[in-house]
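The chain as a whole comes after that.

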Amino acid sequence: MKKYIVLIILATLYSCDSHTYDDISEPIETGEIITYVADVKPIIDGNCISCHSAGGTASFRPLTTYAEVTGAIQNAGLLQRIQLANGEPGLMPQTGRMPQTTINVVLEWVNGGMPKN
């Protein structure tokens, strides 16, 4: 009997996960193409511009234009940095990881060829 209780406890502990709803939720598929202007720019403006623009602490890597954002994705590891876990060095934004659904929008945009409009 003790063996079964131990197995149940181990199975329960093994199946536990610490993801939030945002981490596991999937965005609703609308069939629309994700574009920089409509979808990605608002994410960048809301999460990155305070540091990544003129006068910001990261003004050396501005993210104020389409060309700057695509350049950061292609040459500066932007996708990798936004996907790091909280507490990992290099996480962007430094204030904390964006919800996975927001990150997924950026990833889908990149996978779709990074259309501007």
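**Cavity and pocket**

I sorted the lining of the largest cavity by class and got seven nonpolar residues, no polar and no charged. I counted Ala, Val, Leu, Ile, Met, Phe, Trp, Tyr, Cys and Pro as nonpolar, Asp, Glu, Lys and Arg as charged, and the others, Gly among them, as polar. The model is predicted, and totals for chains, interfaces and linings use all residues, while local features need pLDDT of at least 70 and side-chain atom pairs pLDDT 80 or more. Residues are numbered from 1 along each chain, and side-chain values use heavy atoms, without hydrogens and water.

Ile43, Ile44, Cys48, Leu78, Ile82, Met98 and Val106 line this cavity. The elements giving two or more residues to its lining are α3 and α5. Its volume is about 40 Å³.

On a 1 Å grid over the protein atoms alone, a cavity is a set of points where a 1.4 Å probe fits but cannot get out; a pocket is an open set with protein on both sides within 12 Å along at least five of seven lines; lining residues have an atom within 4 Å of a point. A volume is the space filled by probe spheres set on the points, which are joined across faces, edges and corners.

I then took the largest pocket, with a volume of about 380 Å³. Its lining has 19 residues, and Cys51, His52, Ala58, Arg81 and Met92 lie nearest its centre. By class I noted ten nonpolar, seven polar and two charged residues.

**Chain**

Notes:
Helix = DSSP H or I, 4+ residues; strand = E, 2+ residues; numbered from the N terminus.
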